Amino acid sequence: MVNRGHLEIVMHPVGLGDGDPTPDGAILRLDFNPPEERVPGFEIIDLATLHERRRRRGRRPDLVHRVDFHTLTLITEGSGEHAIDFVTHPCRPGTLLWVRPGQVQRFVRPGTANGMHLLFTPAFPPHTSSADRLVKEWYGPACRQLGASPEYAVLSTLLGQTRAEYDRPAQDVSAEILQLLLATVLLQIDRMPHPEGAGDPHGGGEAYRRFRAELERGYSTTRRAADYAHRLGYTVKTLTRACLAATGQPVKHVIDARVVLEAQRLLAHTDQPVATIARRLGFVEPTNFGKFFTRHTSVTPGAFRQAHRGA
């Protein structure tokens, strides 16, 4: 069935585009470009300030976009909503949001939510830390509701220390300390229990990690499990075991789900004809794409596009 909007409080740093449609009708992609780059590839700010930046720049509140960097948001007060890839997340004190590069998002209802908002490029975390692996994985839970748990207290303290270091006089800020603090934050998040129904990406081990990286590169060219197995030097059975351990789903389901997600993004957020989208996703015939999409979502591409445009 169609997975309806997901929301995540992710703000756009000042200096990013104003949200005008791209010339080719693709989804707007925003680069990391804060107004004052105190530390290259890193920024931490509170949401209230970020909202004020948006208001001063006259930015549309419903801007649909992708980002080329990571954002971590810990809500500490108020409430709101934010959407990522068709799932809407309620935001309240204790909500932790992690938006990864390439995910499509938009503000649904910023509301009164405030908290710490951390932005960093994939190259910023120290490569000598196992946290580097976490930022290279495009998948993972986008939202955790921590409430007033001990995990929230630990994470709040770590982010407070990170903010204190970042706010030091410019000549005293240490990029290395910020890198190590960020690595600690990411590792602390990684050790938290996974949200119910989210699966355990680590359950599939190295085989699953390599498969997901290859899938991200190849989902628009092949949907055959045998092709991925051949490229990685595994058997299809090995990939199936890895996917079942990580997601509870067989490898073919994981492949098809990735293609469906990209199709939903393009249908909902661009004006590209269905035939063009079909070709972009590796379908020679648009009718085959229509059958594939309908089989996995229970609606036709046209009906899906109309429903999301109407919303």
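Helix axes are lines fitted to C-alpha atoms over the stretch in contact, and the angle between two of them runs from 0 to 180 degrees between N-to-C directions. The legends below describe close-up views of a predicted model.

**View 1. Helices H5 and H6 cross at an angle of about 120°.** Helix H5 covers residues 205-218 and helix H6 covers residues 225-232; their axes lie 10 Å apart. The crossing of H5 and H6 is right-handed. On the H5 side, the residues in contact are Arg210, Phe211, Glu214, Leu215 and Gly218, and they meet Tyr228, Arg231 and Leu232 of H6. Sorted by class, this contact of H5 with H6 consists of four nonpolar residues, three charged residues and one polar residue.

**View 2. Strand E5 pairs with strand E8.** The two strands run antiparallel and are joined by four bridges. E8 spans residues 104-109, and within E8 the bridge partner of Ala83 is Arg106. E5 spans residues 80-84; four of its five residues are buried, so the strand is largely enclosed by the rest of the structure.

**View 3. Phe86 and Phe304 form an edge-to-face aromatic pair.** A search of the whole structure finds nine aromatic pairs. In the pair of Phe86 and Phe304, the ring centres are 5.7 Å apart and the planes stand at 70°; planes over 60 degrees apart count as edge-to-face, so the pair falls in that class. Phe86 sits in the loop between E5 and strand E6 (87-91), whereas Phe304 belongs to helix H11 (residues 301-310). Phe86 and Phe304 are both buried.

**View 4. Phe283 and Phe292 form a tilted aromatic pair.** Their rings are 5.2 Å apart, centre to centre, with 50° between the planes. Phe283 and Phe292 are buried. Both residues belong to one aromatic cluster, formed by Phe86, Phe283, Phe289, Phe292, Phe293 and Phe304. The cluster therefore takes in Phe86 and Phe304, whose rings pair edge-to-face.

**View 5. Thr71 lies in strand E4.** Strand E4 spans residues 70-77. The relative accessible area of Thr71 is 0%, and buried means under 20%, so Thr71 is buried. Thr71 and Leu97 are 26 residues apart in sequence, and their C-alpha atoms are 7.8 Å apart in space.

Terms used: Residues numbered from 1 in each chain as written. Predicted model: local features only at pLDDT ≥ 70, side-chain atom pairs only at ≥ 80, totals over all residues. Heavy atoms only, no water. Buried < 20%, exposed > 50% of the residue type's maximum accessible area, 1.4 Å probe, protein only. Pairing = 2+ DSSP bridges. Left-handed = near helix turned anticlockwise from the far one by under 90°. Contact = heavy atoms within 4.5 Å. Nonpolar A, V, L, I, M, F, W, Y, C, P; charged D, E, K, R; others polar. Phe/Tyr/Trp six-rings, centres within 6.5 Å; stacked < 30°, edge-to-face > 60°.
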